[in-house]
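Me: I would like to go through the labels used for this model and see what each of them rests on. Please set each value against its cut-off.

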Amino acid sequence: MTAPAGGTPAGQAWLTAANVVRWRRYGEGGQELRPGTKSYRGGSKVYVIGTYAGVAHEQLTTIGRGRHTGTYITTDMSTRNLHTFRAVPVHSPTVLRLCEEAGAGGCWMSRQDAEELAALLGRLSVEYRTTSWAGPHPTPCRCHECLTLGPA
């Protein structure tokens, strides 16, 4: 694998990583809770390789270990289902290969670009989780906001 001129050396890339929320609201008015997402288990680490700026970054292209197979998959998912965005150096040949095959454009970011994207997506994910459901939280609630803001 080769990097573009002035890019990251072969075998390493800076990507934005995040974790899948453990519980997400689902169904009529968000009164039902489901663990993780259809593709990923709750708490799974995923790498963001592309965003859709035209729809305000509500959807992301991610690479991570699938819920059912345990092998790396590439899929689009909602920003609201991720948290703890951060910039990380990636050395995994499988992740780098999948990133290059996807052609999403986020695979050869600099550290600064990855950190800026992580900060933006972190703010947006909180906003999207709080505005997605108009109704009150179910009782008891284990959604990401209630787990992180509730008493320890």
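Me: What makes Thr 79 count as buried or exposed?

Reply: Thr 79 has 0% relative accessibility. Buried means under 20% relative accessible area, exposed over 50%, and partly exposed in between, with a 1.4 Å probe and protein chains only. Thr 79 therefore counts as buried. This is a predicted model, in which local features need pLDDT of at least 70 and side-chain atom pairs count only at pLDDT 80 or more, while totals for chains, interfaces and linings use all residues. Residues are numbered from 1 along each chain as its sequence is written, and side-chain values use heavy atoms, with hydrogens and water left out.

Me: Where is Thr 79 found, and which residues does Thr 79 touch?

Reply: Thr 79 is in the loop between E6 and E7. Helices (H or I, at least four residues) and strands (E, at least two) are DSSP runs, numbered from the N terminus. Leaving aside residues up to four places away in sequence, Thr 79 touches His 57, Glu 58, Gln 59, Leu 60, Phe 85, Leu 121, Ser 125 and Tyr 128. Contact means heavy atoms within 4.5 Å.

Me: Why is strand E5 called largely enclosed?

Reply: E5 covers residues 59–65, and five of its seven residues are buried, so the strand is largely enclosed by the rest of the structure.

Me: How do you know that E5 pairs with E4 and which way E5 and E6 run?

Reply: Two strands pair if DSSP finds at least two bridges between them. E4 (residues 45–51) and E5 have five bridges, in the antiparallel sense; Thr 51 stands opposite Leu 60. Seven bridges join E5 to E6 (residues 72–78), and these strands also run antiparallel. Thr 61 has Asp 76 in E6 as its bridge partner. E5 and E6 form a hairpin with six residues between them, and Gly 70 in the turn has a positive phi of about 80 degrees.

Me: What makes the contact between Glu 101 and Arg 97 a salt bridge?

Reply: The term requires a side-chain nitrogen of Lys or Arg within 4 Å of a carboxyl oxygen of Asp or Glu. For Glu 101 and Arg 97 the N to O distance is 3.2 Å, so the pair meets the definition. Both residues lie in helix H1 (residues 93–102), four residues apart, about one turn of the helix. Glu 101 is exposed at 55% relative accessible area, whereas Arg 97 is partly exposed at 41%.

Me: How many salt bridges does the structure hold?

Reply: Two. Glu 115 and Arg 111 form one of them, with the closest N and O atoms 3.1 Å apart. They are four residues apart in helix H2 (residues 111–131). Glu 115, at 38% relative accessibility, counts as partly exposed, and so does Arg 111, at 48%.

Me: Why are the buried residues of H1 said to line one face?

Reply: In H1, Val 95, Leu 96, Leu 98 and Cys 99 are buried. Seen down the axis of H1, the buried residues fall within an arc of 165 degrees, so they line one face of the helix. The arc is that of the directions from the helix axis to the C-beta atoms. On the other side of H1, Pro 93 and Glu 101 are exposed.
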